[in-house]
Each structure stands twice: as structure tokens, then as C-alpha cells.
Amino acid sequence: MFFFVAYYFFSGIHYFDTSLKINAFVLPVIYAGGAFWSVKSRWNTHKMGFREAFKRSFVPMFIGGILSIFSIYLFLNFVDTDAKKLLNYQYVERQKSELDSEYQSAGKILKHQKDIDELDQKYKERSQSFSPQAVKGKDMLTASHFSGYFAAILIFYVVLSLFFGAFFRTKTIHQ
């Protein structure tokens, strides 16, 4: 849903940065809040072990996450392919600007000519990967990339669910 809000209101020059910030800062808070609510609402009235607390936090995040990934993938690849082209272009431009920034920062720090020459050589090699011929046909929003993104998101879900499972489990004393 937040992807589509960002698409509708913020599509333009800073679309990639805006969607990146939403994915990095807004969605984790929403997912954590949903997982917390799911576990806490049950914990208030019933005892639960680690397994149930883990499940009650992981399942809603997993379902929400997979629906989000699928809907974004389908939207970008079949509904608005121009938005996909824009995101790919802005991704490459961001990478180029980060490379330039790092090169300039490192150039100010280095003192020895040997190190400066090595930095220049690496910068030239890396800059060539951003040439129009090198980026033509590159697609950062393919099914395999989305699978990788979702795998990274799953790690977040598991860690958060482990935390909720450990925190909300009912401790029992075995005799």
C-alpha cells in the first residue's frame, strides 16, 4: 500500500530515494507494530509458548510481505513499465553519484601518489560499468531480484519473530 502511495504522490525526480526511505524506515515499524499487536492481543488472555508467539508474529509479517512483493512486482512489470524504467534509471544514477562522492572523499584523504593512482584506476574501472552500453538492458526489478529482496526481508521477519517469541512466551517451571 505504501508503495502505491509513494508512487501516486512522489513519482518523479526523487521517486527511488523516497521509496527506498519508506521501505527502510516506515515499513519495518508497521511490520513490527503488526507483529507486536498480533502476539500481545493473544498474550493478554492466554498463556503461550515460544512456538506460538513466534508463529503469531511471523505469519502476519510473512503474508503481508509476500503480498507486497508480489503486488509491487506485478505492478512494475505488467501495469506501469515506465515506473520500472524510472526506478532502474534512478538506481543507476544513485550508484554513480555515490561512486563519485566516495572517490572525491577518498581523494582528499590519500597522501601517497601510489594510493592516489590506485584510486584513480579503480574509479575509472568502476565508472565504465555505468556507461550507456553497460547499463542498457540492465533490470534491477526482475523476479530473481525480487526473490533476493524478499529473502533479505525474511531475515528481518525471523529475527523480529524470534525476539517476540522469546519475550512473550510464558515461562513455566518444570518440576
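The structure is a predicted model, in which local features need pLDDT of at least 70 and side-chain atom pairs count only at pLDDT 80 or more, whereas totals for chains, interfaces and linings use all residues. Residues are numbered from 1 along each chain as its sequence is written, and side-chain values use heavy atoms, with hydrogens and water left out.

A search of the whole structure gave 20 aromatic pairs, a pair being rings of Phe, Tyr and Trp (its six-membered ring) whose centres lie within 6.5 Å, with planes under 30 degrees apart counted as stacked, over 60 as edge-to-face and the rest as tilted. One of these pairs is formed by phenylalanine 58 and phenylalanine 62, which are stacked at 5.8 Å centre to centre with 25° between the planes. The two residues are separated by about one helical turn, because they stand 4 residues apart in helix α3 (residues 50-79); helices here are DSSP runs (H or I, at least four residues), as strands are (E, at least two), and both are numbered from the N terminus. Phenylalanine 58 is buried at a relative accessible area of 18%, whereas phenylalanine 62, at 30%, is partly exposed; buried means under 20% relative accessible area, exposed over 50%, and partly exposed in between (1.4 Å probe, protein chains only). Phenylalanine 62 also pairs with phenylalanine 150 in a tilted arrangement, 5.7 Å centre to centre and with 55° between the planes. Phenylalanine 62 lies in helix α3 and phenylalanine 150 in helix α7 (residues 143-168), so this pair ties together parts that are 88 residues apart in sequence. Phenylalanine 150 is buried, with a relative accessible area of 10%. Ring pairs join these residues into a cluster made up of Tyr31, Phe50, Phe54, Phe58, Phe62, Phe150, Phe156 and Tyr157. Helix α3 also holds methionine 61, which counts as buried at 2% relative accessibility. The C-alpha atom of methionine 61 is separated by 41 Å from that of glutamate 125, which is 64 residues away along the chain.

Side chains of opposite charge can pair when their charged atoms come close. With a salt bridge taken as a side-chain nitrogen of Lys or Arg within 4 Å of a carboxyl oxygen of Asp or Glu, the count comes to 7 salt bridges. Among them is the contact between the side chains of aspartate 17 and arginine 94, at 2.4 Å from N to O. Since aspartate 17 lies in helix α2 and arginine 94 in helix α4, this pair ties together parts that are 77 residues apart in sequence. Aspartate 17 is partly exposed at a relative accessible area of 25%, as is arginine 94 at 28%, and a network of salt bridges links Asp17, Arg94 and Glu98. Another salt bridge joins aspartate 82 to lysine 85, with the closest N and O atoms 4.0 Å apart; both residues are exposed, and they are separated by about one helical turn, being 3 residues apart in helix α4. Aspartate 139 forms a salt bridge with lysine 84, for which the closest N and O atoms are 2.7 Å apart. This pair links distant parts of the chain, 55 residues apart, with aspartate 139 in the loop between α6 (132-135) and α7 and lysine 84 in helix α4. Lysine 84 is buried, with a relative accessible area of 12%.

Grid points are joined across faces, edges and corners, and a volume is the space filled by probe spheres set on the points. The largest pocket has a volume of about 940 Å³ and is lined by 35 residues, of which Asn23, Leu27, Ile69, Ile72 and Ile153 lie nearest its centre. Two or more lining residues come from each of α1, α2 (15-43), α3, α4 (81-109) and α7, and the largest share, 12 residues, comes from α2. The count of cavities of 30 Å³ or more comes to 1. The largest cavity is lined by Phe2, Phe3, Ala6, Ser19, Ile22, Asn23 and Leu27, and 4 residues of this lining, the largest share, come from α2.

How values were computed
1 Å grid on protein atoms, 1.4 Å probe; cavity = no way out; pocket = protein on both sides within 12 Å on 5 of 7 lines; lining within 4 Å.
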